[in-house]
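Here is a short walk through a structure. Keep the sequence and the view open as you read.

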Amino acid sequence: MKKLSVILPVVIILLTSISCKKDKDNDPINPGLSNQEIQNNILNDFSMHIALGTYKDMENKMNAFYTACQQFDVTQDQQKLDEARTAWKNVRGVWEQSEAFLFGPVSTENIDPSIDTWPVDFLSLDSLLHTGNSFTQSFMNSLGDELKGFHPAEYILWGEDGNKSFSDFTVREREYLIALATDLQLKATILRASWDPAVSDNYFQEVITAGQATSIYSSQRAVFEEIVNAMAGICDEVANGKIYEPFAGMDPSLEESPYSNNSLTDFRSNIQGIKNVYFGNYLVDGYGLNDFISKNNLALHSSISSQIDNALHSFDGITVPFGDAIFSQRTQIQNVINQINTLQNTLESQLLPFVQQSIME
Amino acid sequence: MKRTNKILSVLAVFIGVAIFLASCRKAEEWDDEQSDERMSGGSQTVFAEGVGAFSQAFPTLSGSRLEFHDLGDAHFEATFVTSPAPQFQGLGTIFNSNSCFNCHVNDGRGKPIRANEPLSSMLFRVSIPGTDPRGGPLAAPGYGGQLQDKATFGHSPEASVSVNWIEHTEYFSDGDSIILREPVWNFFNHYTSPPAGMMYSARVAPPLQGLGLLEQVDESTIRALTDENDLDNDGISGKMNYVWDEKNQKMMPGRFGWKAEAATLDQQVAGAYNEDMGVTSYIFKTESSFGQPQHDHILDEPEVPDSIFNSVVFYVKTLAVPARRRVTDPEVKRGKEIFSQAGCDKCHTPKLRTKTDVTFPEASNQLIHPYTDLLLHDMGSGLADYRPAYNAGGTEWRTPPLWGIGLTQLVNGHNNYLHDGRARNFMEAILWHGGEAANSSSYVKSLSKADRNSLITFLKNL
């Protein structure tokens, strides 16, 4: 009896706190709004909170990465090296989430390859580090994409076997790391600006005015198709490219982020990016596709949300780095591929047609 | 017995009459006018409007053929690196791009150089006066047939390029004006003195959708459109280029590239691997830098395995064409009328039929709407590169296909057209048309603003 009297208030408080927490994503019905109003809100919030929001966060975290590289150059100890590595992983996570919407300037302006080209050109990189060239920005501009971006930075930070010590770094390597971080900062700023309504010629405007004569999108439907195709596209890329190729060939040299052992986090971030887009939630919870789909096709909404979660949770089954798991945990990797393929199939064969049919030109 | 005979004879008469009637009924031809004009690529049309509009596989591809396409897709995007390396070795030593995708961004159209940036999705063909033994451009000593403006670390690019734009104003009959720009290319940092009279021809990367269908247009179909001596007196000639094909080891009708210098997609893709990326294949086994000091002397040929090469060719062959949009919109229909009245359709042929080919069922016997005749036409001095290539003279260019052109902004983020990307919108591109097309561009200049807008709207929805 005494126990119950203790539990009861706890339960009541718990219930109250749950009912008080307003979470729009658990509230599928938007009774006050028409489909058209929801569509407008989704496009606005996608542009503001997902595209611009993610790129802004990436710019901030890229600045933090640059600072960490500089501090490591000043003080070479394990702590500063760890901080630089963590900063790399932090900004990498944001970038991988942004890959769930690879359209607009990131794609048309070739920003993606200049940030994330793989594989690393070891031979050229090693030659470069043994020259006397000063790593100015104009020198960096003269280099090809294969010598710039996340992966050369990863290679320098962790070393080929992933176990580089702070004392192994040469002066040239630290200088090049800073030059890479500077170049990445520049690209992150360009990317943020490309969606920033405060900057002229921004993609934000193209999306929210879709269907008007000034927009490059002839209809809102075209933007919705673009968004869904991008979500399905990253499913395909991660399941049937990034994961499948090293897995099927049992070839660790095909792994994308091997030095940092960050590949599994990369893949998971890609899927997290899909979740962000679908729910319109990145740092700020706005309108997402979920608001439209749950109102008009609850069954489809349930499939998509559970399949996204299944895909995300499927990674929990893998307990060793990806480069090892392609040999020792093949069942678990196959499960990840299956879950992502299931999601991709739903996005392509159900969500896309639904959007095409229910969003008027 | 007798009765049976009678029945039989009656039956025989009936059958005879039936056979006679059937033979009289002329098989009706499918009326192409009845076709759905949205279906630009025939049955290989996709309804796609977005950044991936040019990147869709033929919709009827399936099974192992779709897998082969996907394999080619992955390798089309692969980045090559300096040899030796565990993956994708063989870049350079001199090159224009380290992957197919970096020039053909989203399988689309390249753009000209921008201020303070290296060339990204265009290149320059070079040659010296004269012809090679097959009648093609004569390679420039020390430079070959193409200027490689990049090199792997420690090697010298052949040269660097920058551009100045010269602007001039053109006027429409109603007094409206438009500013056109013309490039003046500057070549500097040559690794060795260029030979006397070296000619340069600027080329942006052309979009790839529907190329496999164009390859399946029969030679006789293209030949029927030629009118080399303008016998019909309409001011439009149109001639076929005839070029050397390395794989087939013979002269064939040219159909790909800005001057129709390639007959087959095998040749086009192998040439791009070799010249653009410095990657050897079974078709072109010799590095483009061979005989030059940049050559790496590594015996790793062919650098791209045959199976991978073939998958990339298959990928390019099986890229679908996006459907036209808003075909029933009155403004689009009006624009289409004007396109015809201006005579644009005399070269930008709206309809072609591919040949019947049981080995390539997806592209066999398709009515397509490519808006090209695949022929060479004199475009006047304004666009001339004065660098002949086989039959193509210095002022002649192949009619580029217009299908999907309205999606360029979405796919590639720009509206730069023509071989060197000088046009910044459709109207500028139209007004650069000279030579055989001079009457057409004059006609467009005489149009009212409303009609000009209709014409542009038509192009935007192609």
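Start where the two chains meet. The contact draws on 35 residues of chain A and 29 residues of chain B. Bear in mind that this is a predicted model. Between chain A and chain B, about 2,400 Å² is buried. Carbon and sulfur atoms give 54% of that area. On the chain A side, the residues that lose the most area to chain B are T108(A), L123(A) and I216(A). Together these three make up 19% of what the chain A side buries.

Now turn to the polar links. Nine residue pairs are in polar contact between chain A and chain B, counting pairs with both residues at pLDDT 80 or more. The count of salt bridges between the two chains is one. Its partners are K111(B) and E109(A), whose side chains meet at 3.4 Å, N to O.

Which elements of chain A give two or more residues to the side that touches chain B? They are helix 4 (105-108), helix 6 (122-129), helix 7 (137-142) and helix 11 (220-249) of chain A. Helix 6 of chain A gives the largest share, with five residues. By type, the chain A side that touches chain B holds 16 nonpolar, eleven polar and eight charged residues.

N186(B) sits in strand 8 of chain B, which covers residues 177-188. Is N186(B) buried, exposed or partly exposed? N186(B) counts as partly exposed because its relative accessible area is 24%, and buried would require under 20%. Leaving aside neighbours within four places in sequence, N186(B) is in contact with S160(B), V161(B), S162(B), V163(B) and N164(B). Take S162(B) from that list. N186(B) and S162(B) are 24 residues apart in sequence, yet their C-alpha atoms are 5.1 Å apart in space.

Finish with a helix of chain B. Helix 12 of chain B runs over residues 449-460 and has twelve residues. From first C-alpha to last, helix 12 of chain B reaches 16 Å, close to the 16 Å expected at 1.5 Å a residue. Which of its residues are buried? The buried residues of helix 12 of chain B are D451(B), R452(B), S454(B), L455(B), I456(B), T457(B), F458(B) and L459(B). What covers them includes three other helices of chain B: helix 8 (330-341), helix 10 (426-432) and helix 11 (438-445). An α-helix has 3.6 residues a turn, so residues three or four places apart point the same way.

How values were computed: Residues numbered from 1 in each chain as written. Chains lettered and ligands numbered in written order. Predicted model: local features only at pLDDT ≥ 70, side-chain atom pairs only at ≥ 80, totals over all residues. Heavy atoms only, no water. Contact = heavy atoms within 4.5 Å. Buried area = accessible area lost by both parts, 1.4 Å probe. Salt bridge = Lys/Arg side-chain N within 4 Å of Asp/Glu carboxyl O. Polar contact = N/O pair within 3.5 Å; in protein donor to acceptor, adjacent residues only side chain to side chain. Helix = DSSP H or I, 4+ residues; strand = E, 2+ residues; numbered from the N terminus. Nonpolar A, V, L, I, M, F, W, Y, C, P; charged D, E, K, R; others polar. Buried < 20%, exposed > 50% of the residue type's maximum accessible area, 1.4 Å probe, protein only. Expected span 1.5 Å × (residues − 1).
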